[in-house]
Amino acid sequence: MSLDIKSNLAKSEREWESILTAAQFKILRLKRTEPPWSGSYNKTYEEGTYFCSGCDTPLYNSRTKFDSGCGWPAFYESIPGRVNRIPEADGRTEIVCNSCGGHLGHVFEREGFDTPTDERHCVNSISLTFKKP
């Protein structure tokens with residue numbers, strides 16, 4: 001599902017840089033990628049919700065998280081309307097927070113995972129915060 005990103009223009013990159021940690025800014029705003037197996041949520045499987053670390057929008061429910069073995073948190077679907085998909089020139093599809101435009105990672109399809117959607121949202125841990133119910 002592709003939606004219009006509305007509030008990402010409400011802050012300048014300079015404002016984002018003053019709000020986010022240096023590591024968050026590199027991932028969320030400069031679209032970098034954290035090293036595999038380095039993120040704090042790769043092996044987290046508790047019940048709860050994953051929020052955008054830039055704007056606190058709820059993005060993923062823990063029920064949709066699975067172990068893909070890729071080294072980053074993997075989800076088979078987002079909370080409807082919360083994640084925007086942006087096709088890239090290299091054929092991949094970037095995923096961003098629909099509220100602030102923060103870079104989350106990429107979504108991959110038809111990899112053969114035994115999930116309801118056969119999708120893998122490969123998300124940088126630093127783009128997320130986790131909250132228990």
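How many disulfides does a search of the whole structure find? The search finds zero disulfides, and this result, like everything that follows, concerns a predicted model.

- A disulfide is a covalent bond between the sulfur atoms of two cysteines, and the search counts a pair of cysteine sulfur atoms as a disulfide within 2.5 Å.
- The cysteine sulfur closest to that of Cys-97 belongs to Cys-55 and lies 3.6 Å away, which is too far for a bond; Cys-97 itself is buried, with a relative accessible area of 0%.
- For Cys-100 the closest cysteine sulfur is that of Cys-52, at 3.6 Å, and this too is too far for a bond; Cys-100 is buried, with a relative accessible area of 2%.

**An open sheet of three strands**

- Three strands, in the order β2-β1-β9, form an open sheet whose pairing is antiparallel, and the edge strands are β2 and β9, each of which pairs on one side only.
- Neighbouring strands of this sheet are turned against each other by 30 degrees on average, if direction is ignored.
- Strand β1, which covers residues 49-52, pairs with β9 over four bridges, and Tyr-50 stands opposite Phe-130 in β9.
- Three bridges join β1 to β2, where Thr-49 stands opposite Asn-61 of β2.
- In a regular strand the side chains alternate between the two faces of the sheet.

**The largest nonpolar core**

- The largest nonpolar core has 19 residues, and those with the most contacts inside it include Tyr-50, Leu-59, Ile-95 and Leu-128.
- At least two residues of this core come from each of α2, β1, β2, β6 (93-97), β7 and β9.
- In soluble globular proteins, nonpolar side chains tend to be buried together.

**Aromatic rings around Tyr-50**

- The count comes to six aromatic pairs. In one of them, the rings of Tyr-41 and Tyr-50 have their centres 5.6 Å apart and their planes at 85 degrees, so the pair is edge-to-face.
- The rings of Tyr-50 and Phe-75 also make an edge-to-face pair, because their centres are 5.1 Å apart and their planes stand at 70 degrees; this pair links distant parts of the chain, with Tyr-50 in strand β1 and Phe-75 in strand β4, 25 residues apart.
- Tyr-50 is buried at a relative accessible area of 0%, and Phe-75 likewise counts as buried at 0% relative accessibility.
- One aromatic cluster is formed by Tyr-41, Tyr-50, Tyr-60, Phe-75 and Phe-130.

**Helix α2**

- In helix α2 (residues 22-29), the residues Gln-24, Phe-25, Ile-27, Leu-28 and Arg-29 are buried, and the buried residues of this helix pack against α1 (13-19) and β7 (103-109).
- Just after α2, Lys-31 takes a positive phi of about 60 degrees.

**A buried residue in a loop**

- Ser-78 has its place in the loop between β4 (74-75) and β5 (83-87), yet Ser-78 counts as buried, because its relative accessibility is 19% and buried means under 20%.
- If its neighbours within four places in sequence are left aside, Ser-78 is in contact with Leu-59, Tyr-60, Val-83 and His-121.

Conventions. Residues are numbered from 1 along each chain as its sequence is written. This is a predicted model: local features need pLDDT of at least 70, side-chain atom pairs count only at pLDDT 80 or more; totals for chains, interfaces and linings use all residues. Side-chain values use heavy atoms; hydrogens and water are left out. Two strands pair if DSSP finds at least two bridges between them. Buried means under 20% relative accessible area, exposed over 50%, partly exposed in between (1.4 Å probe, protein chains only). Contact means heavy atoms within 4.5 Å. A nonpolar core is a set of buried Ala, Val, Leu, Ile, Met, Phe, Trp, Tyr and Cys residues joined through side-chain atoms within 4.5 Å. Axes are lines fitted to C-alpha atoms, for helices over the stretch in contact, and angles run from 0 to 180 degrees between N-to-C directions. Rings of Phe, Tyr and Trp (its six-membered ring) pair if their centres lie within 6.5 Å; planes under 30 degrees apart count as stacked, over 60 as edge-to-face and the rest as tilted.
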